[in-house]
Every structure is written in structure tokens, then in C-alpha cells.
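Visitor: I'm new to this one. Could you take me on a close look at its aromatic rings and what surrounds them?

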Amino acid sequence: KTEINPKNDEMSERHFGSVILLKNITKYHELDAAKTNFMSIISHELKTPISAIRMSIKLLKDKRIGDMNHEQNDLLKNIDDDTQRLLKITSEMLDLTQLESGNIQLNIHEVNAQDIVDYAINTVKFSAQQKGIDFKVQLNNNLPKVKADVEKTAWVLTNFLSNAVRYSPEKSTIDVCVKPGYDAIEFSVTDVGKGIEEKYQKRLFEKYFQVPSNTSEKGGTGLGLAISKEFIEAQQGSIYVKSEIGTGSTFGFLLPVK
Ligand code: ADP
């Protein structure tokens, strides 16, 4: 210490402190990169056996192997549901590892907002029907075309919608709204679910974060919103949540139109 700055002990101590901090961050980044690499390998490796399991399930479902009794059918449905969940988890892990290693490739085209909304609603239609949930879509008439990566944008909207379905009460309505702003177009999804406490709202877009009281019995990975944030920010957009306990939640994003 005295060698660096013998006259000002306070200054030299501050400088010394910052060196220790940088060392720690480097170590953290190394660990994080190793974890990302490991996750990428694992999720790649899991995809093949999961696809094989799904193939066998399909053969059983199509009754090509013969008829099954009621109990066997119920069991098969459970296996099918869990396998789909496993597939969702592995592909989310893979998406995230690709994002983290900087491998995100954008495919930007001019698209209609309506097409993105239709695609997303179609994807969650079946699980919404099972809970008697309706969608109310509000699309402004003269919306400008969006310059966006259709697949990634539709993925984000689908993730908002599937969360909304998951956390909404039965027979409720989910509002989907698209409106133009000054230099952006805004997509939002509003549910009348139990809402999210303010202290958790800031953390929703972190990897693996799940609201403890909302999630216990619902499964999930806590990765969907983290991936959504990356997909939207990669397109120079912004993502947000507004929520109130007892009233519901709105998840939305803005994409630039110019
Ligand atoms: P997952 O749904 O797989 O857990 P997400 O990143 O999509 O991962 O969501 C993170 C957490 O945010 C969820 O586990 C849940 O606790 C909370 N959440 C997301 N959407 C809603 C919603 N519409 N209403 C209430 N909680 C929500």
C-alpha cells in the first residue's frame, strides 16, 4: 500500500479494493461461461432421447400397436404431458445458452402484427379451451408494419399468453392488445390472475426466477421471460410488466417501427 501512494493511505486503499473486485468478476464470468457450455451440451444430448420417446408415444396413441384400456390411456397421457414439458425445458435451455454465447441470429422482415397475434393465439388455443378461457383481441386498424424477427417475436407473445393461461382463473378473459406509438408498436397481454407482488416484478426477467407463491404446483423453468427479454432487446425493443395483487398482470413489449 505505502509503495503505491505513501502520502495518501486512504486513496491507495480504495485502489487496492477495486483490483480484488475485478478478479472476482473474471472468475464469475469464467464460471458462468462453463455453466452455459455445460447446459448447452446437456440440452443437445437430451433432445435425441426425448424425440425417441415422443415417437414411441405417438405409435401407442395411434393404436398401431393395438388398443389400450382406460387406465393405460390415462398413463400414456401423463407420459405425453411430461415429455412435452421436458422438451419445452430442454429447448428453453438451448435457446438461452445460444443467446448467452452470443449466437443469436436475427431474421428481420416486414410483418403484420396480426400474423404474430394469430400465430401465438393458435399455439395456446387448446390449453385455453381446457380452462374455458377466452381471448379478446384489440388490434388498431391502421397499424404500421413491424420490422421484426417473426419467429422470435411470436415466441415471446406465445410465452406471455401461455403464462397468462397458466396463471388465470378458469372461464376468464385474456386481453391481447396491439397499438401504435410514436416510433414503436406495442404488444400487450393482460390477465385477471392473482397478480405479482411488486418486490418480485423486477426479478421476473432474471434467469430461473419464479415467484415462490405462484409457481409451486405449476412447474415451469423460470426461463421463458429471461429469453423473452433477450429476444426483444436484440431487436432494439423493450419489455415490461405491470401487475397488481388481486387484479392481474400485463406483460408487454415495444418494437421500433423505423
Ligand atoms: P416459467 O413460467 O417457466 O416459470 P417464466 O420466465 O415464463 O418461467 O415466468 C417466471 C415466473 O413469473 C413464473 O414462474 C411465475 O411465477 C411468474 N409469472 C409469469 N407470468 C405470470 C402471470 N401472467 N401471472 C402471474 N405470475 C406470472
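Guide: Let's start with what makes a pair: rings of Phe, Tyr and Trp (its six-membered ring) pair if their centres lie within 6.5 Å, with planes under 30 degrees apart counting as stacked, over 60 as edge-to-face and the rest as tilted. By that rule, Phe160, Phe187, Phe251 and Phe253 form one aromatic cluster. Keep in mind that this is a predicted model, where local features need pLDDT of at least 70, side-chain atom pairs need 80 or more, and totals for chains, interfaces and linings use all residues. Residues are numbered from 1 along each chain as its sequence is written, and side-chain values use heavy atoms, leaving out hydrogens and water.

Searching the whole structure turns up 5 aromatic pairs. Take Phe160 and Phe253: their ring centres are 5.9 Å apart and their planes sit at 50°, so this pair is tilted. Phe160 belongs to helix H4 (residues 150-167) and Phe253 to strand E7 (residues 248-256), so the pair ties together parts that are 93 residues apart in sequence. Helices (H or I, at least four residues) and strands (E, at least two) are DSSP runs, numbered from the N terminus. Phe160 and Phe253 are both buried, meaning under 20% relative accessible area, while exposed is over 50% and partly exposed in between (1.4 Å probe, protein chains only).

Now slide over to Phe251, also in strand E7. It's buried too, with a relative accessible area of 8%. Counting contacts (heavy atoms within 4.5 Å) and skipping residues up to four places away in sequence, Phe251 touches Phe160, Phe187, Leu204 and Leu225, among others. Leu225 is 26 residues from Phe251 in sequence, and their C-alpha atoms are 9.7 Å apart.

Leu204 has its own set of neighbours, including Ile196, Phe209, Val211 and Phe251, again not counting residues up to four places away in sequence. Leu204, Phe187 and Phe253 have the most contacts inside the largest nonpolar core, which has 44 residues. Such a core is a set of buried Ala, Val, Leu, Ile, Met, Phe, Trp, Tyr and Cys residues joined through side-chain atoms within 4.5 Å. In soluble globular proteins, nonpolar side chains tend to be buried together.

Back to helix H4 for a last stop. Besides Phe160, its buried residues include Val156, Leu157, Leu161 and Lys152. The charged end of Lys152 sits over the ring of Phe231, 5.7 Å from its centre; that label needs NZ of Lys or CZ of Arg within 6 Å of the ring centre and within 35 degrees of the ring normal.
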